[in-house]
Structure formats: C-alpha cells, structure tokens
Amino acid sequence: MNKLEARSYALQKRKEVSIKQIEEDVIEKIIASKILEPFQHIGIYYPIGKEMNLLPLTIYYKDKEFYLPITKEGISFVKYSKDNPLVDGPFHTKEPKGIIKNRDEIDCFIIPCVAISLKNQRLGYGKGYYDRYLSQYKGLKIGIVYSNAILDIDMDSYDLVLDIVYSG
C-alpha cells in the first residue's frame, strides 16, 4: 500500500473507533511499561482530530517536564504547564507560549502517528515536520497509533523510524 492509500485508510478507520477507552488503554500501557521513568524532559503533543490525548500523563508524572510542539516554518517544542494558557496554532492545535527548548535537551518524544509501517516507520499527515525535526535525534522516539493503522506501507528512507510503538 502506498502512503496516500495508507493515510486515507487509517484516517477513515479512526472515525469508526471509540477513542476514550483506547486512550485510557494506551496511557495505562505507557505507565505500566515504566518507559518514561528515567526521563525528566518529555516531548508530547496536543491532540487534533481523533488523535489520542496523552495530556493525562502530565498529571500522573508531576515530577517531569513536558513540552508541546509549536509550528512556524518548522516544528519546535515549548514547556507545557497547566498555568501557561495555550493559544491557537496552525493545524487546529493548541500551543504553549514560552522559550523554545533545545531538541537535544528533551530526553524522549511521544509522537502521534496516522499509521505505522511494519518496520516502525511513522506515517503522519504528509508535511514532514516530525521527520525533519527528529532526523538526527539520538533520544528515544515513541509512536502512538491505533492498532488498526499498523500497515504494510511502502515507505521512503527518510521516513522516521520509531524506537517503540504503543497502540490501542
């Protein structure tokens, strides 16, 4: 399946699922795995459409710092806190205001995926923001995807390969 077909298929399948229980299951898997325990600085995302909402992780891990993306010419990350109101960003996202955190000072990133290839390559919305931003990143890259969107996709060599994927 090519990327366009996979993206269309996965986004259509998203419409057919009940997201609340899947979100809770994925959050429980992340917590139970203790994958985030060694990290202090964690990049997450603000959900758009029917992306899974992982913001409850910020409540569970009160001792950690979380960062949300902001998008201008590219993607960058700014510290998120409940005390810092979010503003409207492009692509129907909410973004924090503040100072951009150096990418290499963020220990790991949890990344939304439209779909995942059988080789753990991330398929997003097609703009390449995460692919470019994380292309030389040495830290842990965690993907989040619906289980019905793990597909046999013809990917390109530049598509981001994730270290671990949580699905629900």
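This is a predicted model: local features need pLDDT of at least 70, side-chain atom pairs count only at pLDDT 80 or more; totals for chains, interfaces and linings use all residues.
Setting aside residues up to four places away in sequence, Leu-57 touches Ile-27, Ile-30, Ile-31, Leu-36, Phe-66 and Ile-110. Leu-57 also belongs to the largest nonpolar core, a set of 49 residues. Along with Leu-36, Leu-54, Ile-110 and Ile-144, Leu-57 is listed among the residues with the most contacts inside that core.

So which elements give two or more residues to this core? On the helix side they are H1 (3–14), H2 (19–33) and H4 (129–133). The strands are E2 (65–71), E3 (75–80), E7 (108–112), E8 (115–117) and E10 (140–145). If you're wondering about the general pattern, nonpolar side chains tend to be buried together in soluble globular proteins.

Now step back to the whole chain. You'll find four helices and twelve strands in it. Of its 168 residues, 49% count as buried. Take the contacts between residues at least 6 apart in sequence: 68% of them join residues at least 24 apart.

What about overall size? The C-alpha atoms fill a box of roughly 40 × 35 × 30 Å along the principal axes. A compact globule with 168 residues would have a radius of gyration near 15 Å, and the protein chain agrees, because its own value is 15 Å.

The accessible surface comes to about 8800 Å², and carbon and sulfur atoms account for 52% of that. As for charged side chains, the protein chain has 24 positive and 23 negative ones, with the centres of the two sets 2 Å apart.

How values were computed:
Residues are numbered from 1 along each chain as its sequence is written. Side-chain values use heavy atoms; hydrogens and water are left out. The radius of gyration is taken over C-alpha atoms; the globule rule is 2.2 Å times the number of residues to the power 0.38. Buried means under 20% relative accessible area, exposed over 50%, partly exposed in between (1.4 Å probe, protein chains only). Contact means heavy atoms within 4.5 Å. Accessible areas come from the Shrake-Rupley method with a 1.4 Å probe; for residues, only the protein chains shown count as cover. Lys and Arg count as positive and Asp and Glu as negative; His and the chain ends are not counted. The place of a charge is taken as NZ of Lys, CZ of Arg, CG of Asp or CD of Glu. A nonpolar core is a set of buried Ala, Val, Leu, Ile, Met, Phe, Trp, Tyr and Cys residues joined through side-chain atoms within 4.5 Å.
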